[in-house]
Amino acid sequence: MRTLTLTTTLWLTVAAGLPALAAAGHYPPIADYMMPKDAEIALAQSAAPASISEHATLKLLTASGYETAREGNNGFVCLVLRAWAAPTYTPATFRDLVYDATVRAPICFDPVATRTVLPYYALRSKLGSQGKAPDEIADGVQAAYARGELPKRDTVSFAYMWSADQNLGPGIGHWHPHVMVFAPYYENAMVGGNEFGSPLPQVTDDARTPFTVVVIPVDMSLAVKARQ
């Protein structure tokens with residue numbers, strides 16, 4: 001019962017924080033999405049355990065998109081996603097997160113996700129930074145995938161999101177460190193039908209599409225603090 005209560009509270013808190021963004025329907029200045037270089041590097045590296053992030057490629061957001069700040073040697077790529085990484089289709093409530101310039105989502109993609117998933121988030125970021133609304137971003141992603149301009153999602157891959165300093169939006173904030181599993185066409189029943197926000201595996205984004213995300217929370221003691 002406690003887990004259900006916490007989950008319901010989380011949903012309501014998130015939902016309450018988003019209508020203002022949706023009603024505004026416009027983006028803050030692009031400068032509000034930017035970070036000082038050293039702070040962004042530190043935050044990106046906090047996405048995964050040091051044994052991974054210290055050898056990963058680091059990318060930083062610039063006015064022209066993500067650019068490499070450091071080449072790694074382990075195939076992982078770490079960066080800080082902004083709110084443009086919100087779900088493409090479902091849950092619809094979260095799509096308006098794109099307008100929230102405070103979101104900072106450090107993530108570290110494994111080698112497979114670097115190849116198959118990172119281009120998707122790069123495109124979403126490009127479209128969002130151009131001022132495209134959620135429907136326009138969804139249309140752009142869908143068209144690019146259909147034309148073969150985005151890699152096909154034909155296998156499972158994953159990414160770390162273990163930063164203690166992540167900000168995932170209204171009502172969510174730091175939440176749990178967690179693993180993102182990119183599992184094409186999954187639905188929540190396939191991982192047990194667990195409640196959103198619970199400490200159990202759950203489908204969070206875009207169920208039954210190529211862009212489905214399964215989130216697996218991990219113990220809070222594994223959260224990584226950003227260190228400049």
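Tutor: Let us begin with Arg95, which is buried, with a relative accessible area of 16%. Please keep in mind that this is a predicted model.

Student: Which side chain does Arg95 meet in a salt bridge?
Tutor: Its partner is Asp135, at 2.9 Å from N to O. Arg95 lies in the loop between S3 and S4 and Asp135 in helix H7, so the pair ties together parts that are 40 residues apart in sequence.

Student: How many salt bridges does the structure hold?
Tutor: There are five. One of them joins Glu187 and Arg208, at 3.3 Å from N to O. Glu187 sits in the loop between strands S6 and S7, and Arg208 in the loop between S7 and S8, so this pair links parts that are 21 residues apart in sequence.

Student: Is Arg208 buried or exposed?
Tutor: Arg208 counts as exposed, at 56% relative accessibility. Glu187 is partly exposed, with a relative accessible area of 31%.

Student: Changing topic, which cysteines does a disulfide join?
Tutor: Cys78 and Cys108 are joined, with an S to S distance of 2.1 Å. Cys78 belongs to strand S3 and Cys108 to strand S4, so the pair ties together parts that are 30 residues apart in sequence. Both cysteines are buried.

Student: What is its handedness, and why?
Tutor: The torsion about the S-S bond of Cys78 and Cys108 is about -50°, so the disulfide is left-handed.

Student: Lastly, what comes just after H6?
Tutor: Gly131 is found there, with a positive phi of about 90°. Within H6, the buried residues include Leu118, Tyr120 and Arg124.

Methods:
Residues are numbered from 1 along each chain as its sequence is written. This is a predicted model: local features need pLDDT of at least 70, side-chain atom pairs count only at pLDDT 80 or more; totals for chains, interfaces and linings use all residues. Side-chain values use heavy atoms; hydrogens and water are left out. Buried means under 20% relative accessible area, exposed over 50%, partly exposed in between (1.4 Å probe, protein chains only). Helices (H or I, at least four residues) and strands (E, at least two) are DSSP runs, numbered from the N terminus. A disulfide is a pair of cysteine sulfur atoms within 2.5 Å. A salt bridge is a side-chain nitrogen of Lys or Arg within 4 Å of a carboxyl oxygen of Asp or Glu.
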